[in-house]
Amino acid sequence: VAREAAEAGEQWLTTTLSTPSDAVLDESDWLHPAVAGRLAQIRAAVTEELSGDTAAFVRGVLVRSARELTCPKTGTNPTWPRPRLRRRRVDIATILTQRAREMVRDIRSAAAIGQPLQALQGDARALPFANGTISAILTSPPYLSRIDYVQATMPELAVLGLDGALTVEKLRKAVVGGVLSRPGEEVPSPPEAVANLMARIRSHGSKASKTYYARLAERYFVDLDASVAELSRVLRPGGTALVVVQTSYYKDVPIELPEIVRNLGAAKALEARVHQTEIVRIHYGRLSPHQRKYVEEKTLNECVVSLRKPAS
Ligand SMILES: C[S@@+](CC[C@H](N)C(=O)[O-])C[C@H]1O[C@@H](n2cnc3c(N)ncnc32)[C@H](O)[C@@H]1O
């Protein structure tokens with residue numbers, strides 16, 4: 001987002017929030033009805049009055065404010081926020097103007113070192129960039145760990161007005177690593193690099209391994225391969241992508257995701273290496289008693305896989 005657009009967005013928010021408006025109530029599990037109603041008005045005004053980077057900046061402010069606006073409860077599983085039974089009537093104007101001010105400060109400091117920022121929205125399987133134009137990529141795709149990324153971002157979806165049951169279901173089917181199957185969908189064959197692993201998942205004795213879980217894993221690997229292909233397409237010769245991934249388990253079957261990403265990259269003629277391993281202590285496999293039954297002390301590794309496009 002250009003500095004001028006961010007400053008215009010901050011100015012617009014300050015004016016809009018200080019202008020009295022009719023009190024409107026709206027329904028959301030996550031937000032107090034008055035807060036939900038005011039946010040709906042703000043979103044409608046963004047669509048009506050703003051466009052381009054300025055609209056993107058204000059939506060970004062909503063996303064950055066989501067946790068303060070919803071005050072979610074987080075239990076032992078940090079990726080599973082839950083709404084409060086008594087939703088809080090928070091002070092939207094103060095929260096949004098503070099976040100907007102911080103974001104403008106960040107954007108100004110980036111502009112000061114001569115690096116214009118731009119926020120774009122897109123799908124990792126179809127990046128909005130031309131071939132061979134990107135010098136460096138830093139990314140962390142979903143892991144095959146049964147984390148429900150839609151649930152993990154429910155507070156953000158709620159402030160964007162995307163927490164309706166139908167939208168959530170659609171998202172759960174669409175995202176990489178989604179936990180809902182897409183009925184009737186023809187999944188292309190998974191990449192060669194995971195043939196052995198897929199055979200182990202399919203033949204696992206536990207319930208629904210051959211059906212539900214094998215289908216989800218298959219689709220996950222097809223999607224992951226599509227995003228590695230996109231990284232490879234957009235990187236310029238000599239450019240590097242750093243991909244942060246974790247290992248996981250399907251029951252007792254280890255999923256060596258860093259190694260898999262390395263193989264997917266190598267199959268696209270990228271110079272691929274796995275670096276810097278960290279041990280992950282808090283993860284789903286330790287939180288869930290169902291998972292503990294398969295491997296007592298599961299240790300997961302977080303790695304960075306570098307994928308470099310050879311200089312031509
Ligand atoms: C391991 S998390 C990385 C989170 C990130 N580092 C952050 O701080 O927000 C993977 C993220 O990929 C997102 N995701 C899922 N499908 C995607 C897609 N097709 N394109 C882009 N992102 C996607 C998920 O919603 C999730 O937020």
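Which residues does Ala5 touch, not counting residues up to four places away in sequence?

Tutor: Ala5 touches Asp53 and Thr54, once residues up to four places away in sequence are set aside. Keep in mind that this is a predicted model. Ala5 sits in helix 1, which covers residues 3-18. Ala5 has a relative accessibility of 12%, so Ala5 counts as buried. The cut-off for that label is under 20%.

Now the partner side. Helix 3 spans 52-64. Helix 3 also supplies at least two residues to the lining of the largest pocket. Other elements that each give at least two are helix 5 (92-112), strand 1 (134-139), helix 6 (149-152), helix 7 (154-159), helix 8 (165-174) and helix 10 (209-234).

The largest pocket holds about 1,800 Å³ of space. Its lining counts 47 residues. Leu120, Gln121, Gly122, Asp123 and Ala124 lie nearest the centre of this pocket. By class, the lining has 33 nonpolar, nine polar and five charged residues.

Next, the cavities. The whole structure has two of 30 Å³ or more. The second largest cavity has about 30 Å³ of space. Among the residues lining this cavity are Ile147, Asp148, Tyr149 and Val150. Arg172, Val175, Gly177, Gly178 and Val179 line this cavity too. Its lining divides into five nonpolar, two polar and two charged residues.

Finally, the chain as a whole. The chain has 13 helices and six strands. Its radius of gyration is 22 Å, close to the 20 Å that the globule rule gives for 312 residues, so the chain is as compact as a globular protein of that length. The C-alpha trace spans about 60 × 50 × 40 Å along its principal axes. Like Ala5, 44% of the 312 residues count as buried. Contacts between residues 24 or more positions apart make up 74% of those with a separation of 6 or more. The chain exposes about 16,800 Å², and carbon and sulfur atoms supply 53% of that area.

Notes:
Residues are numbered from 1 along each chain as its sequence is written. This is a predicted model: local features need pLDDT of at least 70, side-chain atom pairs count only at pLDDT 80 or more; totals for chains, interfaces and linings use all residues. Side-chain values use heavy atoms; hydrogens and water are left out. On a 1 Å grid over the protein atoms alone, a cavity is a set of points where a 1.4 Å probe fits but cannot get out, and a pocket is an open set with protein on both sides within 12 Å along at least five of seven lines; lining residues have an atom within 4 Å of a point. Grid points are joined across faces, edges and corners, and a volume is the space filled by probe spheres set on the points. Helices (H or I, at least four residues) and strands (E, at least two) are DSSP runs, numbered from the N terminus. Ala, Val, Leu, Ile, Met, Phe, Trp, Tyr, Cys and Pro count as nonpolar, Asp, Glu, Lys and Arg as charged, and the others, Gly among them, as polar. The radius of gyration is taken over C-alpha atoms; the globule rule is 2.2 Å times the number of residues to the power 0.38. Buried means under 20% relative accessible area, exposed over 50%, partly exposed in between (1.4 Å probe, protein chains only). Contact means heavy atoms within 4.5 Å. Accessible areas come from the Shrake-Rupley method with a 1.4 Å probe; for residues, only the protein chains shown count as cover.
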